Amino acid sequence: MSYEFRSVPRIVCEAGALHSVGKVLRDLGAQRVMLVCDPGIVSLGFAVMAQASLEVAGCAVTVFDQVVPDPSSAVVKEAAEQARQFKADGVLGLGGGSSLDAAKLVALLINSEQPLEALYGTDNALGQRIPLVLVPTTAGTGSEVTWVSVITDEQQRKQAVYSSQMMPDVAVLDPQLTLGLPARVTAATGLDAMVHAIEAYTSRTRKNPIADGLAAAALGLLSANLRKVLANGQDVAARTAMLQGSLMAGMAFVNASVAAIHGLAYPLGARFHIPHGHANALVMAPVLRFNLSAAQHQYAELATYLLPGRHFEHEAEAAEAFVQAIEALVADSGLETRLSKLGVDEPALTEMANSVVLNLRRLIDSNPKDMTEQDVEALYRSIF
Amino acid sequence: MSTFNFETTPRVICEIDGALRLGTLCRELKAERVLLVSDPGLLRAGLLDAPLRALHEAGVDATLYSDVQADPPSESVQHAVDAARNCRAQAVIGLGGGSSLDTAKLVALLCGREQALESIYGINLAQGPRLPLIQVPTTAGTGSEVTAVAIVTTRSHEKKGVVSPLLYPDIALLDARLTVGLPAAVSAMTGIDAMVHAIEAYTSVHKKNVLSDGLAMQALRLLAGNLDRVLATPGDLPARSDMLLGSMLAGMAFANSPVAAVHALAYPLGGHFHVPHGLSNALVLVPVLNFNRPAAEALYAQLAAAVLPGQRFASEALACDAFIEFMTRLVERMPFAQRLRDVGVTADDLDRLTDDAMKVERLLINNPRPVTRQDARAIYASVL
C-alpha cells in the first residue's frame, strides 16, 4: 500500500472570478503575463476580460490566441517562442483542455533548454516552470488540476507529457464562462468528466482512497447536473456544479489513472479529429458493459452516487443499473453514437485496435478487465 | 455553497515505511542540510533513529531538534529557529504530533525570511518565501500536516495563531509504521478529534463547499471503519494507515470549511484543566450533536451513509438518529474519561467554562445552530 497524491494548491470558485484573475497572478509575483487561448475565446470576449483584469492588476500582457483543438507541437513551440520574446514571467491559460494543455507547456518551456520533444513521456522535464493559472471554459477535461498535456506531434500522433512541475499554482472556476457552451460541447465534455471519475474509481493500477472520495463526489455532482445544463444552459447553479464535478474528477484521475475508455478514444481523436469528449462518449457505454463482469463490485458502489436514493437487492442489480443509467445518459446526450457517421472507415477499426494495444498499453493496464486486440476491435465494431 | 476558495498541500505520500524516503525527498527539494523538528517522547521511543539514518544514508546532513513541547511556547519556537539557523538548514522536516508540526511550520517560515514571530500573529501577515517543508504526522490526528495554522503559547500564556497559506507544507508524508506504538487512549482521543474535524467541516455554516464535503465524507468513512480496529489491534498497519489518511482528509476539509461549537466548547477544557485537545472534543461531541440536531438533521443524515455504509434508512430523521447513535456508542466505548468531573471539573467551574467558550466566537459562528450562553452552559452541565 503506497501511493502519492498531488493536488493543485489553490482553487478559486466564483461566478465572475475571471474579473479578478489579474490579482491572482499578481499575488504569485507575475508582472508580464502571457494569455494562452483560442480564437473562440477571443470572439466570446473572454480574452478581453482577462486582459483587462491583468492590466488593472498592473501586469503587462501578451496574447497568444492561436491554440487549436488537439494542439500541434508547432503551435506549442510558437506560443513558447512568443512568451520568450515577451519575457513572460507568468502564464494564464483560458479555454478548453487544448488551451490549458498548451499553457502548461509554455510555462515550462519558457525557461527550459529542452526541446518540446524531450518532454514527451513521464517526468522528463528538468526545469521549473513560471507561475501558472488555469481557467477552464468547459466542464470538462479537468486539465486545470492535472500535470498532463496531450498534444499532436508532426506525425499526427498524440503525445502526452506527464510532468509534476506542470501542476498549476491556481485553478479558477468561473461558471459564467460556461453558460453559452453549445449543447453538443456541454454533453461531450460532461460525459468526459464522468469517464474521468469512473475510470479513476476502477483503476487497476493507482486507485487510492483520496481519489476514490473525490471521484465518488464528482460523479454525484456530474450525474445530477448534466441533464439540467443540457435542458437549460443558463442554469448557473448547475453549471457551477458541473465545473466543480469536472475539477474533482480531474483530481481523481490524474492520481489514479484513466483506462480503456480513454485508450479507445485516443485514436478516434488523433486519426479522425473527433473531439476528445465525444470520442470518450462514443466508447464509454460499450467499455463499461465489457468491464461489468470484472468491475461489478465497484460499479455497484458507484451506483449509489449515480442513482442516489435507489435501492438494490444485490450487487449485480446495482452494477447493471449503473451501466444502464450511463447508456441512457449517452443516448439522451444528443451526440452521434455511430463511428460510421463520423467519418470513420471500416479498415481503420483493425488498425486502431492494433494501435491501442501497441501504444496505449498503460491505459489498458489500468482497466478493471484486461483487453486483447480482438476485444478492442470488437468494441469498435459494436459502435461502427 | 457555490463560491469558495480551497487551498491544500500539493503533494501527499502515503506509504508504510515512507519515512525512510525522507532523504530522497529532501534531495528532490534541493536540500542538503535539514532540521528535523520533533519531541523528546519520540526521541526516547526510538522513532527518530530510522528516519535520521535514512537521511544520512542519502547524504543529507540532518540536525535534530527534539525539544518541542506541547502547546509550544514562543521561546521554544525561537530555540528551534536558532537551531535551524546554526546548521544553515535548507529545509525543515516536522515529525510528531500537532505541536511538532506547528513548530516546524514556523521554523520554515521564520528562517525563509527574516521576520519576528510576534509580528505575524494573525491572518496572512507572514511573508514568504519559507524554507521547503515536509510534515510527517505521528498521530491521527490533528491534520496539522494539511492546515495553514500554527498555534503558539506566548509569554503571557495566551494562545496565538499564525494563519497563512505559506504554512501548507510541500509534502505531507503519512507513514503508518510511526503510529503503531501509540497508546490506546491517544489513538482514541486523536481519532475522535479527526472525526470531529470531518463532522464540523461538513456542517460548517460559512465556507462549506463540495470539495470539503467530499473529503469530509471519505475521511469519516475511513475513521469510522478503522478506529475500533486500531484499538483492538494496535499493530494493524492497514488500519493505522487508513486512520492517518482519514485524519489528513479531515484536515484538508476543515482547513477550508472551519470547525464550530464542539471545538469552541472544547478549548476552555484545555485551557483551564489541561485536558488533551482530542479528549476535550470527545467530551462535548455527543451533547453538541444532540443540540445541533434540529438544524443539522439533513446533514447528519448524509453522514450516516459514511459511518454506516450500506445501511438504509426509511427517513432523514431515522438516518440522523442512526448517525448520532453511532457516534454516541463509539465515544462511550473509547478508553478515556467520559464525564467532565472525571477530568477535574466541578459544578462551580461551569460558569467560567461557559464564559470562555462564548469568547470563541470565530468558531461558534460556524455552528449549524446558534449557541447562546444558556445553551453552552446546558451542554457542559449535561456531561458534568
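In the predicted model, the contact between the two chains draws 28 residues from chain A and 30 residues from chain B. Together, chain A and chain B bury about 2400 Å². Carbon and sulfur atoms account for 57% of that area.

Three salt bridges link chain A to chain B. One pairs the side chains of A:Arg10 and B:Glu7, at 3.5 Å from N to O. On the chain A side, the elements giving two or more residues are β1 (2-6), β2 (10-13), α7 (209-231) and α8 (236-256). Helix α7(A) supplies the largest share, seven residues. By residue class, the chain A side divides into 17 nonpolar, six polar and five charged.

Strand pairing joins the chains as well. β1(A) runs antiparallel to strand β2 (residues 11-15) of chain B, and five bridges connect the two. Within this pairing, A:Arg6 stands opposite B:Arg11 of β2(B).

Over all chains, the salt-bridge count comes to 40. In chain A, the side chains of A:Arg361 and A:Asp370 meet at 3.1 Å, N to O.

In chain B, B:Glu32 and B:Arg27 form a salt bridge with an N to O distance of 4.0 Å. Relative accessibility is 45% for B:Glu32, so this residue counts as partly exposed. B:Arg27 has a value of 38% and is also classed as partly exposed.

A buried setting is found for B:Asp213 and B:Lys208. Their closest N and O atoms lie 2.9 Å apart in a salt bridge. B:Asp213 has 16% relative accessibility and therefore counts as buried. B:Lys208 is buried too, at 15%. Elsewhere, salt bridges that share partners build one network from A:Glu4, A:Arg6, B:Arg11, B:Glu15, B:Arg21 and B:Glu28. This network includes residues of both chains, among them A:Arg6 and B:Arg11, the two that stand opposite each other.

Conventions
Residues are numbered from 1 along each chain as its sequence is written. Chains are lettered from A and ligands numbered from 1 in the order in which they are written. This is a predicted model: local features need pLDDT of at least 70, side-chain atom pairs count only at pLDDT 80 or more; totals for chains, interfaces and linings use all residues. Side-chain values use heavy atoms; hydrogens and water are left out. Contact means heavy atoms within 4.5 Å. Buried area is the accessible area (1.4 Å probe) that two parts lose on being put together, summed over both. Helices (H or I, at least four residues) and strands (E, at least two) are DSSP runs, numbered from the N terminus. Ala, Val, Leu, Ile, Met, Phe, Trp, Tyr, Cys and Pro count as nonpolar, Asp, Glu, Lys and Arg as charged, and the others, Gly among them, as polar. Two strands pair if DSSP finds at least two bridges between them. Buried means under 20% relative accessible area, exposed over 50%, partly exposed in between (1.4 Å probe, protein chains only).
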